[in-house]
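Colleague: Thanks for making time. Could you walk me through some of the labels you use for this model?

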Amino acid sequence: MTVYTGCVPAAALGTIGRYELIEKIAVGGMAEIYRARVRGEHGFERQVAIKRILPHLAEDADFVAMFIDEAKLTAHLSHPKIVQVYELDAEGADLFIAMEFVDGVDLLTLVRQCRAEGLALPQPIAVHIVHEVLDALDYAHRASTANGAPLNIVHRDVSPGNVLLSRQGHVKLADFGIARAARRRYETQTGTLKGKYGYMSPEQVIGAPIDHRSDVFAAGVVLAELLMMRRLFTGPGDLDVLLMVRDVQLDRLDRYGAAIPPPLRALLDRALQRDPADRFATAGAFRDALGDWLFASGQRVTRRDVAAFMADLDRSESEKMRAALLAGEPVADEIAEVATLSGPATRARKLEAEQQARVGRELFRTTPGLEDADDSPSDDGIPIVFDDAPSAPVPKRAPTQLPEPGDAPDSLGTFDRTSPLRVLYRIGHHRLDGLLVVERGDAVKEAYFADGQPLFVRSNVLSERFGEYLVAQGAITADQLRRALALLPHFGGRLGDTLVGLRLMRPLDAFRQLTAQVRAKLVDVCTWTDGRYRWYAGRENPWPALPLHLNTFEILGAGAAATPDRAVSAWAARALDRRPRRARATPSRLDAFGLGERIAYVHAALDGATTVRDLIARFNERDRLDVLRLLRLLVEVDLAAL
C-alpha cells in the first residue's frame, strides 16, 4: 500500500454518496482509501474512511462480488479491536465501503519511524500490541452469524500494515479483505495470492488447507519483527522469501533476537512452528501466554503507554525536522530509507536482482527469435530449482552417489510381483534413507529419500521436465519456455526465478508448481503395474535441490486414487471372493493418505467375514472402482489382509 503524505484539498476530491472526501490516505492494488466526513442535522459530523474499488477493477464482476463479500463478512464483526464497517454503497460505477476512521498510523509506519530515529520499540509495548491483535483474531475466529452458524474466518493477511494504532493508543486490526469464510461466494486462488509473502504461514505457501492457526503463525512473525526491528523473512527475491517461510528459517531471529528474554523466545518459537499442530491451538491461547509473560515480568501496559510512546516519537521527529530546517539542510525522507526493514546487504542483492531482471525482460520483449541455450541444465532431465546455489552448471554425474552398472542394489524386484505402492510404503514406514531407481520401458526415474520422505526425483521422461511440465499444465506456453531458457544467465541459471523475473508466472504459482511436479513423478510410479525397481540404501542426493517436504503417505494416497480402471479391475478379479480383514490402525494413520473419511469407512467394513464382492455391492456402480482402489491401498500398506 503506497501512503500519500500530503493532503489533497477537499474541493479537488469531491464527494461520493453522502460522504465528502477530505484526503487520499493510501492506494493499493485493489482499492484506494480516503479520509472523509459525513454531516447531518444540527451540526452533526463524523469522520470515516472510504475504501473505493479502483476503476479498472470495478468492471470485473468476480472482483466486485469479492469486494461485496468483504463488506458483508466484516459487518458481522463487532469488536473494539477490529476496524468497523458502517455501510456498503455505490454511486454510479463507484462501489465503496464506509468504515471506521482510525486517527493514527499503521504498525509498519511506526516501526519505520522508530528505525529512522534509531529507537527500538520497547518490548512490553511490542508484546502488548500483538496481544491486542490476538484478542481481535480470537474473536474473529470464533465469530458466528445471527443464527449461530460459525463464519470460520481466517484473516490470512495479518501484517504490520494491517495493524492500526490510534493516537489514543488503541490497537485495531484491519482489512479482512482476503479472509476466508465458509459463507463467501468468491475466493481468490487458494485465498493467498493477495497476501504478503513474508507473513504467510508455511501451509499457505505450499497451498495446503489452512485454519485459524495460520493467523497465529503470522502474529508470531509480527511479534518477532517488533522485537528485532527487522524483517524475519527477507531475501533478494520473492522465491527466496517463500522458501524461508516454508522451511521456517529463523536464522535472523537467532542473529538479531539476542535481547529477547528466553521465556518470551519460547512463546515465539511455539507460535512459529512449521506444523500447525505444534503451535498454540488458538489465538486466544497465544494472547493469554503473552499476557502471562507481561504479568510474570512485572510489566503492565495500557493504551496510555502506547499513546505516550507515539507522542514522544512524533515530538522527536518534529524537533529533528525543525532543526534541519533552521540549519538550512534538506529534510531527507528517512522513513523511506528503511522501508523494507531489511539490512543493506539484502537491499543490495534485491537491487542487483531487479537490475538483471530488467535486462532479461527487455531482451525477452525485443528479441523474439531467441533460441534455447545449448547446454541448458534441463536437457538431461534435471529440474532447475529455486535454491541459493551459484549459477554454475549442474553436474552431469556424481559417481560417488549414483549407481554404476556393476553396483549391487540392496534389494530389487518387479512390479508385477510387488506393487510400487508396497515398495514406497516400506520406504516411508521404515523411514529409510537411500535411492530408489525404477524403470519401465525406456523410462527411468531416480528418487532420493531421507527419513522415508522424497527429497528429489530425477526422470528421463521428457514430459516430466519442469519446463515441459509447466507447458502441459498450461502455466506457460512452449514459446515462452523456449525463450525463457535462453535467458537463464540473467536470473542465476534458475528456471523458476527466470519465469518469475520475466513476469510469466507469479512467485507463489511457480513455487507450488515445482512441488507438484516432483510429486507427480512419484504419483505416476504408483500407477505402474509392470517394470522393475532397485533400492540402494544410504545413498545421498547429489543433485542441487531444495527440500520439498513431500509426504510419502500422501503420495501413496494420490497414486492409489490415480490407478487406471483397467488395473483396478484386474486386481479385483482375483479378490472378489476373498474375505479381507482389517489390521489395527489409528485414525491419524488413515488420515495420512489424504483420502478423506471414506478410507476409514472401508477399513472399518473389513470384518473378515464379508467378501469383496459383497462389500462393493453396498455402493452404487459409479463408486465401486473407487472403493476397490481404497481396498487395494489398504492391502498394499498392510492395513488389511486378503
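**Sheet and salt bridges**

Modeller: Happy to. Let's start with E11 and E15, which run antiparallel and are joined by 4 bridges. This is a predicted model, where local features need pLDDT of at least 70 and side-chain atom pairs count only at pLDDT 80 or more, while totals for chains, interfaces and linings use all residues. Residues are numbered from 1 along each chain as its sequence is written, and side-chain values use heavy atoms, with hydrogens and water left out.

Colleague: Why is the contact between Arg 287 and Asp 135 called a salt bridge?

Modeller: The term asks for a side-chain nitrogen of Lys or Arg within 4 Å of a carboxyl oxygen of Asp or Glu. For Arg 287 and Asp 135, the closest N and O atoms are 2.7 Å apart, so the pair meets the rule. The two lie 152 residues apart, with Arg 287 in helix H11 (residues 283-296) and Asp 135 in helix H5 (residues 123-141).

Colleague: Is Arg 287 buried or exposed, and how do you know?

Modeller: Buried means under 20% relative accessible area, exposed over 50%, and partly exposed in between (1.4 Å probe, protein chains only). Arg 287 has 16%, so Arg 287 is buried. Asp 135 is buried too, with a relative accessible area of 16%.

Colleague: And what links Asp 524 to Lys 445?

Modeller: A salt bridge, with the closest N and O atoms 2.8 Å apart. Asp 524 sits in helix H19 and Lys 445 in strand E13 (residues 443-450), 79 residues apart. Asp 524 has a relative accessible area of 28%, so Asp 524 is partly exposed, whereas Lys 445, at 2%, counts as buried.

Colleague: How many salt bridges does the rule give?

Modeller: The count comes to 44.

Notes
Two strands pair if DSSP finds at least two bridges between them.
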